[in-house]
Amino acid sequence: MDRGTLPLAVALLLASCSLSPTSLAETVHCDLQPVGPERGEVTYTTSQVSKGCVAQAPNAILEVHVLFLEFPTGPSQLELTLQASKQNGTWPREVLLVLSVNSSVFLHLQALGIPLHLAYNSSLVTFQEPPGVNTTELPSFPKTQILEWAAERGPITSAAELNDPQSILLRLGQAQGSLSFCMLEASQDMGRTLEWRPRTPALVRGCHLEGVAGHKEAHILRVLPGHSAGPRTVTVKVELSCAPGDLDAVLILQGPPYVSWLIDANHNMQIWTTGEYSFKIFPEKNIRGFKLPDTPQGLLGEARMLNASIVASFVELPLASIVSLHASSCGGRLQTSPAPIQTTPPKDTCSPELLMSLIQTKCADDAMTLVLKKELVAVSASMISNEAVVNILSSSSPQRKKVHCLNMDSLSFQLGLYLSPHFLQASNTIEPGQQSFVQVRVSPSVSEFLLQLDSCHLDLGPEGGTVELIQGRAAKGNCVSLLSPSPEGDPRFSFLLHFYTVPIPKTGTLSCTVALRPKTGSQDQEVHRTVFMRLNIISPDLSGCTSKGLVLPAVLGITFGAFLIGALLTAALWYIYSHTRSPSKREPVVAVAAPASSESSSTNHSIGSTQSTPCSTSSMA
């Protein structure tokens with residue numbers, strides 16, 4: 001029966017067949033093995049990225065997005081689509097898209113009607129057709145410098161790292177992040193801003209359930225929790241190439257409690273889900289699901305409890321928006337493909353045989369070196385910890401030396417500004433006379449290493465110069481205080497800034513140099529990084545005195561008043577003196593043009609000088 005003619009009564013009847021889940025106490029014997037692509041394939045679209053960030057920049061003239069794309073060796077094809085909604089018939093602002101790739105890409109770009117500026121490497125990116133947009137050559141910078149390069153042109157709205165994407169959808173003007181400054185963080189959900197489809201389909205596995213007769217098959221889809229926990233609807237498209245009378249199947253959908261399901265199937269199937277679900281032909285009818293196990297073994301038990309003899313497809317996916325299942329395993333026949341040959345260890349285990357095969361031996365006249373390349377080992381932490389063991393024939397016990405190697409590509413350093421010592425709400429704005437609190441953190445945290453703050457300074461541009469805050473891990477000035485680290489060990493400090501310059505700087509750049517130092521072992525394994533953030537400076541209230549002290553007009557008024565009073569008083573005294581002494585004692589006044597002395601030159605020079613301290617940036621008028 002075609003899905004377009006599926007009657008409402010049949011769908012409701014199928015839903016009502018799922019009475020209530022029961023637990024299966026006995027162990028389920030079902031050896032999951034990979035299924036060949038001709039028997040089953042699952043593709044998906046997701047907003048989950050390995051690294052990313054979304055920030056709000058509502059007042060920016062230019063909307064900046066940055067994409068770091070990793071492709072396997074050899075030319076790849078990519079479909080990149082930009083979407084934007086018109087406001088009052090026009091696009092709200094121009095867009096800068098920075099595209100960084102590691103290998104050759106044939107790009108199909110769709111950005112109709114969008115005022116787009118594209119920055120890319122012309123030696124790696126080839127357009128399938130003329131892009132019809134303004135283009136700029138992207139310098140060959142590492143990731144951190146590319147972000148800095150993009151931030152110089154405007155505040156970054158979004159940035160993401162994607163591994164071998166087949167298609168990308170970038171929605172403009174959709175940034176809903178709480179951050180005002182975009183910094184890459186691991187395992188992020190880009191929300192509606194970005195969705196992408198990996199080129200490699202998801203791993204599909206299948207097995208025979210022992211001890212169950214019949215030909216009923218189960219299709220199990222498990223969606224893993226994402227970074228955010230907001231309500232989410234997952235559209236599940238199921239296409240089974242079977243005749244209507246040849247299929248007896250159940251669809252089991254398990255996910256986080258905030259996930260609901262919209263099912264679009266071309267066959268009648270029994271439905272067994274968590275949360276709520278509805279059918280595409282009548283999406284307004286929501287049906288409550290059940291509480292299902294959140295483990296593979298538990299879900300296999302549910303399939304057996306529903307009298308399924310074959311698990312035709314078992315798939316685990318990250319939180320996705322669209323999942324498509326294509327299968328042709330009808331009539332109880334299951335064919336599995338041989339397990340793929342593993343070229344790198346999985347992220348949670350390490351094969352000793354494979355590890356030994358990756359070690360390279362280099363011999364010289366006076367030394368022997370064992371080399372294990374870090375990029376050949378897939379690890380689940382940001383650091384590789386091991387030890388070298390040397391067996392000496394004359395000693396009964398081996399000698400051991402600890403070895404730590406940091407994978408810097410997986411570490412992200414962030415610099416945060418806060419307006420209170422509680423470090424709860426981040427900001428990118430400072431106000432003169434207001435205490436500012438700064439925290440530096442690294443994610444993910446590395447327990448074997450200590451994060452320390454070496455130096456920090458605030459660059460106020462040509463108007464205010466550079467203000468040193470921390471030098472040699474010590475506070476610079478009495479208006480800078482080193483605070484106790486956070487519970488996670490993140491360095492913290494505070495500083496106070498007053499401005500008496502004219503004009504007052506409107507922006508500044510806070511830069512800090514941090515070091516990761518091993519808590520034990522050699523200090524030659526230190527790693528140094530420089531992090532920065534751009535700050536907006538709010539001009540103080542120039543209406544008069546505030547609780548923070550006198551502001552600029554008050555100071556200038558008092559200074560001018562004192563000068564005027566002194567000048568008038570001197571003139572009065574001179575007038576009295578000249579009119580009260582006797583005329584015989586008066587002497588002629590001789591005017592002599594005196595040359596410019598070094599003292600006056602020095603005085604004039606000091607009038608325009610500017611001094612910068614953590615407490616003030618002052619200028620005499």
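Biologist: Let's start inside the protein: by class, how many nonpolar, polar and charged residues does the lining of the largest cavity have?

Modeller: Keep in mind that this is a predicted model. The lining of the largest cavity has no charged residues. Two residues of the lining are polar, and the nonpolar ones number nine.

Biologist: Nice! Which element gives the most to the lining of the largest cavity?

Modeller: The elements that give two or more residues are strand E16 (217-223), strand E18 (249-254), strand E23 (310-317) and strand E24 (320-327). With three residues, the one that gives the most is E16.

Biologist: How much space lies in the largest cavity?

Modeller: A search of the whole structure, looking for cavities of 30 Å³ or more, finds one. The space in the largest cavity is about 70 Å³.

Biologist: Now let's step back to the whole protein. How many helices and strands does its secondary structure come to?

Modeller: The protein has 621 residues. Its secondary structure comes to seven helices and 42 strands.

Biologist: What share of the residues is buried?

Modeller: A residue is called buried if its relative accessible area is under 20%. The accessible surface of the protein comes to about 34,100 Å², and carbon and sulfur atoms hold 55% of that surface. Of the 621 residues, the buried share is 42%.

Notes
Residues numbered from 1 in each chain as written. Predicted model: local features only at pLDDT ≥ 70, side-chain atom pairs only at ≥ 80, totals over all residues. Heavy atoms only, no water. Helix = DSSP H or I, 4+ residues; strand = E, 2+ residues; numbered from the N terminus. Buried < 20%, exposed > 50% of the residue type's maximum accessible area, 1.4 Å probe, protein only. Areas by Shrake-Rupley, 256 points an atom, 1.4 Å probe, with all protein chains shown as cover. 1 Å grid on protein atoms, 1.4 Å probe; cavity = no way out; pocket = protein on both sides within 12 Å on 5 of 7 lines; lining within 4 Å. Points joined across faces, edges and corners; volume = space filled by probe spheres on them. Nonpolar A, V, L, I, M, F, W, Y, C, P; charged D, E, K, R; others polar.
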